[in-house]
Amino acid sequence: MAEKSILLTKKLQDALNFESNNKVGDAIKTYEEIIKEPLASVEEATEEVVKAKEQACYKLGNIYKEKGLYEELIDLTK
């Protein structure tokens with residue numbers, strides 16, 4: 001269970017680094033990977049995992065908004 005938390009936390013940090021280095025495409029891809037990362041059981045949905053997925057959603061939504069990618073933003077909210 002802790003492995004999923006560590007994996008998503010690392011991916012989130014990678015995405016934030018990509019974003020701060022203006023590698024928006026890599027940031028988008030990484031945020032999407034975090035959001036789509038499956039959970040094998042309810043026990044994997046720890047506070048850290050949920051927080052990483054939530055932050056990825058907000059960050060990705062913000063990028064979509066800034067880039068005018070409104071269709072992608074609508075799909076994200078679905």
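How accessible is glutamate 72, and does this residue count as buried, partly exposed or exposed? At 34% relative accessibility, glutamate 72 counts as partly exposed, where buried means under 20% relative accessible area, exposed over 50% and partly exposed in between, for a 1.4 Å probe and protein chains only. The model is a predicted one, in which local features need pLDDT of at least 70 and side-chain atom pairs count only at pLDDT 80 or more, whereas totals for chains, interfaces and linings use all residues. Residues are numbered from 1 along each chain as its sequence is written, and side-chain values use heavy atoms, with hydrogens and water left out.

Glutamate 72 lies in helix α4; helices here are DSSP runs of H or I with at least four residues, numbered from the N terminus. The C-alpha atom of glutamate 72 is separated by 9.6 Å from that of leucine 60, and the two residues are 12 residues apart along the chain. Both residues take part in the contact between helices α3 and α4, which is made by Cys57, Leu60, Gly61, Tyr64 and Lys65 of α3 together with Tyr70, Glu72, Leu73 and Leu76 of α4. Contact means heavy atoms within 4.5 Å. By class, this contact of α3 with α4 has six nonpolar, one polar and two charged residues. In this division, Ala, Val, Leu, Ile, Met, Phe, Trp, Tyr, Cys and Pro count as nonpolar, Asp, Glu, Lys and Arg as charged, and the others, Gly among them, as polar.

Two packed helices are described by the angle between their axes and the distance between the axes. Helix α3 spans residues 47–67 and helix α4 residues 70–77; their axes come within 8 Å and cross at roughly 155°. Axes are lines fitted to C-alpha atoms, for helices over the stretch in contact, and angles run from 0 to 180 degrees between N-to-C directions. Helices α3 and α4 are therefore roughly antiparallel to each other, a term for angles over 145 degrees, while those under 35 count as roughly parallel, 65 to 115 as roughly perpendicular and the rest as oblique. The passage of α3 across α4 is left-handed, meaning that the near helix is turned anticlockwise from the far one by less than a right angle.

The pairing of helix α1 (residues 2–20) with helix α2 (residues 24–36) has an angle of about 160° and axes 8 Å apart. That angle makes α1 roughly antiparallel to α2. A left-handed crossing is found where α1 passes α2. From α1, the contact involves Leu8, Lys11, Leu12, Ala15, Leu16, Phe18 and Glu19, and from α2 it involves Asp26, Ala27, Thr30, Tyr31, Glu33 and Ile34. Eight nonpolar, one polar and four charged residues form this contact of α1 with α2.

Alanine 15, found in helix α1, counts as buried at 0% relative accessibility. Not counting residues up to four places away in sequence, alanine 15 touches Ala27, Thr30 and Tyr31. The C-alpha separation of leucine 7 and isoleucine 34 is 9.0 Å.

Helix α1 also contains lysine 4, which is buried at a relative accessible area of 13%. A polar contact of 2.8 Å joins the side chains of lysine 4 and glutamate 37; such a contact is a pair of N or O atoms within 3.5 Å, and within protein one must be able to donate a hydrogen and the other to accept it, with residues adjacent in sequence counting only if both atoms are side-chain atoms. Leaving aside neighbours within four places in sequence, lysine 4 is in contact with Glu37, Pro38, Leu39, Glu44 and Val49.

In the loop between α1 and α2 lies asparagine 22, which counts as exposed at 66% relative accessibility. Phi of asparagine 22 is near 60°, a positive value in a residue other than glycine. Most residues other than glycine have a negative phi.

Helices α2 and α3 pack at an angle of about 140°, with axes 9 Å apart, and their crossing is left-handed. The residues of this contact divide into 12 nonpolar, no polar and five charged.

Terms used. Helices (H or I, at least four residues) and strands (E, at least two) are DSSP runs, numbered from the N terminus.
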